[in-house]
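Biologist: I've got a model open and I'd like to learn how to read it feature by feature. Could you walk me through it?

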Amino acid sequence: MVYDGIILGLIIGFFRGGLKHGLVQFSNIRLKAGWIFPFLLVFQFFMYYIQERSSTIAAASGYIFTAVYAVGLIFLWLNRHNKGFWMIMTGVFLNFLVMFVNGGRMPVSLEAASVLDPIYLQMLQSGDVVTKHFLLNSSTILPFLGDIIPLSSPYPRTQAISIGDVVMNVGIFLYILQVMVPVKPKLKSQSIGDS
């Protein structure tokens, strides 16, 4: 879901700020400890790959994913002065919180999961395959913060998202937009008689 805010921000940023200005501004982005974000994305993909091949990693994956979110929150805190970062941090914290209290996994409601690929739904229902998610049930803590919002056609990507995802993506969108769209100087009003 994090990609949605980035893609939408880029599209509208290029439209409003122009291709050349948008590219220049986007290339000038400087964030404190900026290497953390791409590292965490790559690390999560690596985790998806390795946890299916190692029972030890699979057993600890919930704690590892929780740690990934904690490191992400540190990165966001370091850059909190940027527009939209408080919203991003709030969204990430909501996702971190619900995962932390549920053993490091994100709960997914059956209703939201019904829009997903039937194979993935079967995996959630069986609970046999270790993933970052699990099917929400009566013992789930803070279920309203889980992936309870289904997205399907006409939305371009079918997925189940959380309230935290929504808040996070609004923040990402606002940040990218303010980076790419030039700020127009405010015209000072002149009083009568001023030359």
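Predicted model: local features only at pLDDT ≥ 70, side-chain atom pairs only at ≥ 80, totals over all residues.

Biologist: Let's start with helices. How are H5 and H8 arranged where they pack?

Modeller: The general idea first: a packed pair of helices is described by the angle between the two axes and by the distance between those axes. Here, helix H5 covers residues 85-100 and helix H8 covers residues 163-180; their axes are 7 Å apart, at an angle of about 160 degrees. Since angles over 145 degrees count as roughly antiparallel, that is the label for H5 and H8. Their crossing is left-handed.

Biologist: Which residues in H5 and H8 meet?

Modeller: On the H5 side you'll find Phe85, Met87, Ile88, Thr90, Gly91, Val92, Leu94 and Asn95. Their partners in H8 include Ile163, Asp165, Val167, Met168, Leu174 and Tyr175. By type, the residues of this H5 and H8 contact split into 12 nonpolar, five polar and one charged.

Biologist: And how do H2 and H8 cross?

Modeller: Helix H2, residues 19-27, has an axis that comes within 8 Å of the H8 axis, and the two cross at roughly 115 degrees. Angles from 65 to 115 degrees count as roughly perpendicular, so that is how H2 and H8 are classed. The contact brings His21, Gly22, Gln25 and Phe26 of H2 up against Ile176, Val179 and Met180 of H8. That set divides into four nonpolar, three polar and no charged residues.

Biologist: Next, electrostatics. How many salt bridges does the structure hold?

Modeller: In general, oppositely charged side chains can pair when their charged atoms come close. This structure holds one salt bridge. The partners are Asp4 and Arg157, and their closest N and O atoms are 2.4 Å apart. Asp4 sits in helix H1 (residues 2-17), while Arg157 is in the loop between strand S3 (149-151) and strand S4 (159-161), so the pair ties together parts 153 residues apart in sequence.

Biologist: What should I look for in the backbone?

Modeller: Most peptide bonds are trans, and phi is negative for most residues other than glycine.

Biologist: Where are Ala33 and Leu142 found?

Modeller: Ala33 belongs to the loop between H2 and helix H3 (36-51), and Leu142 to the loop between strand S2 (133-135) and S3. Ala33 has a positive phi, near 55 degrees; for Leu142, phi is positive too, near 55 degrees. Ala33 counts as partly exposed because its relative accessibility is 25%. Leu142, at 26%, is also classed as partly exposed.

Key
Residues numbered from 1 in each chain as written. Heavy atoms only, no water. Axes fitted to C-alpha atoms, helices over the stretch in contact; angles between N-to-C directions. Helix = DSSP H or I, 4+ residues; strand = E, 2+ residues; numbered from the N terminus. Parallel < 35°, antiparallel > 145°, perpendicular 65-115°, else oblique. Left-handed = near helix turned anticlockwise from the far one by under 90°. Contact = heavy atoms within 4.5 Å. Nonpolar A, V, L, I, M, F, W, Y, C, P; charged D, E, K, R; others polar. Salt bridge = Lys/Arg side-chain N within 4 Å of Asp/Glu carboxyl O. Buried < 20%, exposed > 50% of the residue type's maximum accessible area, 1.4 Å probe, protein only.
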